[in-house]
Amino acid sequence: MYVSSPPEPVGLANRMTARAALATELSGGASRIRALRSDGPLVLRPSHPKGAEPLTHRRPDVARVSLAAGTAGPLGGDDYALSIHVGGGSTLVLQEVSAMLVLPGATGGRSRTAVDIRVESGATFVWWPEPIIAAHRCDHEHDIRIEIAPDARMILREEAILGRHGEMPGDFASRLRITRGGLPLYDQRLRFGPGAEGADGPAILGDAGAVGSVIVVDPVWVDDAPPALPFHRDAARTPLAGPAVAIAAIAADSLALRRLLSRGVQDLGAPWAA
Amino acid sequence: MARAAGGSAALLLLADGRLPAGGYAHSGGLEPAVTAGRITDMAGVERFLIGRAETAGLTAAAFAAAACSRAARDDLSDLSGLEAELDARIPSPELRTVSRNLGRQLRRAMAGIHPHPHYATLGAAPHQPIVMGVAAAVLGLGPRDAALAILHETNSGAAAAAAKVLRVDPFEVHAILARMADRLDRLAGEAAAAAAGPACDLPAPASPLADIAAEHHRRTHVRLFAS
Amino acid sequence: MTEKTPRSLRLGVAGPVGTGKSSVIATLCRHLRDEFALGVITNDIYTDEDARFLKSAGVLPEERIRAVETGACPHTAIRDDVTMNLMAVEDMERDFAPLDIVLVESGGDNLTATFSPALVDAQLFVLDVAGGGDVARKGGPGIARADLLIINKIDLGPHVDVDVAQMVADAEGAREGKPVLALSRKHPDTIEKLCDWVRQLHAAHAAGHHTPVDPGPMAPHHHPHDSNHAHGHSHD
């Protein structure tokens, strides 16, 4: 459900729990925001187009929301949850104001962010966030679950930066699980940091400073998804076992990563190219 | 159909690289990583093997264990669900194809070596870990054995490939395998534990470079190994 | 294997690298494709070079030529672990049923590699005069006991100082009467002999009279006694 429960009592000093929610619906031929609930550091605001957009191309008839961080973090011990419901036939573009910096907390412990998303029949979801930066000694678990209806469309980007400039990253894990019509479509949990053995080796990330992917789901690809395309030594487009593609890349830094992912999206052509 | 004596000999049979199931044609991503210039020495081989065991190895082990426990109960009704969960964990179509080719081959071999009606129920092109799990059950082995068999087979296969694509001392290759023995045991335990839960919660560790390199490898004209 | 249902004749083509295995297969396809439903499986050391060659030669529709990648172990793929090749043959037989003959080309390896009887019903072993006139005399399981030994490129004999007649005689001496065929794609009569041999083999296979023979693993080297068998009885 997109209407979350009230914030839980804070068990330990400096630990923050946040429950935010967002819902859209189709009304009178245009998408509109039906529910918008910020909570503490998770600040949701209706917004205007911000730079190039894939698929929706700054159209005015879509619901557009921006997620901003009200405080630094998450820090160790913090527990954030965001629930998103893209109602039948509506279009939601979710963007972010700035990169998210994940930091260790004063008391240690793991920070968590859980995002639960439902994309209903005929809906379109564009999630175009900024990178997550895993700072030195952080310990963060990012968990994104998406259920998308078989006739809905979606494009989302995820980028992780391994430490601030010149520092080693802390422990970071990011799971993205997408089910389509209840069946698994994509499920990957990326880990790096001192606790993830082999992550900086040649099977996983090598010496990359940034890693990311773009996932695109389009029901028109049921019989004919775009073919696999390794378009750079460190990047490839791969069709999934369903009407979807993943564009994956590693790079030295966030700028180079963004360039590779953007190129992968441009290669998809209309209507996805930004 | 559990074995009284622990089934160690049956486990060795299943994990042996000489099992005639065509595994020798694959390097488990090692040659693609060498071709890309990401492995140049033995330290690189070891880091590669560790990373691979912790990602693709753990995934394969968990699915082998899950298939084994289902086959041991004679309940193969949701094997297609396991297949779909495994597909979702392998973004590269090349690696999905390799897994299914190796699965077909393993089934072809095991159906001749130790026939069982389970093999006929596995669909046209089952994933290798699923077949390994079923084969383990048919031999009277348990989920942890199935996990260990596929971890060992894929790890030693990739290590053996190092001798053909790099200048290596074969004793050093096996020294790496010896150092990894505890790791494989631990991963097999994790896999077996995960296999007791629902399929949607089976491990899904990502290895972006393995996916990217596999797609490049398919398009490389000169290669020794199929993957 | 006792196979009641009629299936294709599986014919292996082995021999050292460069002796013309692909060219022999191309020749067979060109001359027999109107009589028989054919398929070809190639084995390569590197990628799928031989399949590309045969496809570009246009001797069969492309989909009837498939490559098996052997991971730099071409001998393993036809002898110790034939699963990949066996499945490629079975897939081909299923996809293009009914097939009369499936030709399996081994990856060019060395003198000792022969096909397992689990994979093929019969096998050709291909040598060429350019490889040296003494190769046939050296023997080995393929040279001594393949169903047919081909001495290829005999038109090149004068250019490489090889006495073709002597080479054929040496080969016959090593084979205890099993057939030897001197072949050149420039000599149509030799091609016709090759095709006839395949026709007879196919007829025997279809009638259930052909029994696969394993040339065996690497032969022990005992040259001093070889001459004793040079004029052995002829059969086949």
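**View 1. Chains A and C stay apart in this predicted model.** Chain A and chain C share no contact (heavy atoms within 4.5 Å), and their closest C-alpha atoms lie 19 Å apart. Of the 2 pairs of chains that touch, chains A and B have the most contacts. A word on conventions: residues are numbered from 1 along each chain as its sequence is written, while chains are lettered from A and ligands numbered from 1 in the order in which they are written. Because this is a predicted model, local features need pLDDT of at least 70 and side-chain atom pairs count only at pLDDT 80 or more, whereas totals for chains, interfaces and linings use all residues; side-chain values use heavy atoms, with hydrogens and water left out.

**View 2. Chain B meets chain A.** Here 36 residues of chain B touch 34 residues of chain A. The two chains bury about 2,800 Å² between them, and carbon and sulfur atoms give 59% of that area (buried area is the accessible area, with a 1.4 Å probe, that two parts lose on being put together, summed over both). On the chain B side, Arg38(B), Leu209(B) and Ile212(B) lose the most area to chain A, together 19% of what that side buries. Arg38(B) also forms a salt bridge with Asp234(A), the closest N and O atoms lying 2.3 Å apart.

View 3. The largest share, 8 residues, comes from α3(B). By class, the side of chain B that touches chain A has 17 nonpolar, 6 polar and 13 charged residues (Ala, Val, Leu, Ile, Met, Phe, Trp, Tyr, Cys and Pro count as nonpolar, Asp, Glu, Lys and Arg as charged, and the others, Gly among them, as polar).

**View 4. Chain B meets chain C.** This contact takes 20 residues from chain B and 21 residues from chain C. About 1,700 Å² is buried between the two chains, 54% of it on carbon and sulfur atoms. The interface holds 4 salt bridges; one of them joins Glu69(C) to Arg218(B), with the closest N and O atoms 3.2 Å apart. Polar contacts here come to 13 residue pairs, both residues at pLDDT 80 or more. Helix α5 (residues 93-113) of chain B gives the most to its side of this contact, with 4 residues. That side divides into 10 nonpolar, 5 polar and 5 charged residues.

**View 5. Leu82(B) in the largest nonpolar core.** This core has 93 residues, and Phe192(A), Leu14(B), Leu30(B), Val45(B) and Leu82(B) touch the most other members (a nonpolar core is a set of buried Ala, Val, Leu, Ile, Met, Phe, Trp, Tyr and Cys residues joined through side-chain atoms within 4.5 Å; buried means under 20% relative accessible area, exposed over 50%, partly exposed in between, with a 1.4 Å probe and protein chains only). Helix α3 (residues 42-72) of chain B gives the most to the core, with 17 residues. Beyond its neighbours within four places in sequence, Leu82(B) is in contact with Phe63(B), Ala66(B), Ala67(B), Arg70(B), Ile130(B), Ala199(B) and Leu202(B).

**View 6. Helix α7 of chain C.** In α7 (residues 164-174), Val164(C), Met167(C), Val168(C), Asp170(C), Ala171(C) and Gly173(C) are buried. The buried residues of α7(C) pack against β5 (122-128), α5 (135-138), β6 (148-152) and β7 (180-182) of chain C. Asp163(C) caps the N-terminal end of α7(C), with a side-chain oxygen 3.1 Å from the backbone nitrogen of Ala165(C).

Technical notes:
Salt bridge = Lys/Arg side-chain N within 4 Å of Asp/Glu carboxyl O. Polar contact = N/O pair within 3.5 Å; in protein donor to acceptor, adjacent residues only side chain to side chain. Helix = DSSP H or I, 4+ residues; strand = E, 2+ residues; numbered from the N terminus.
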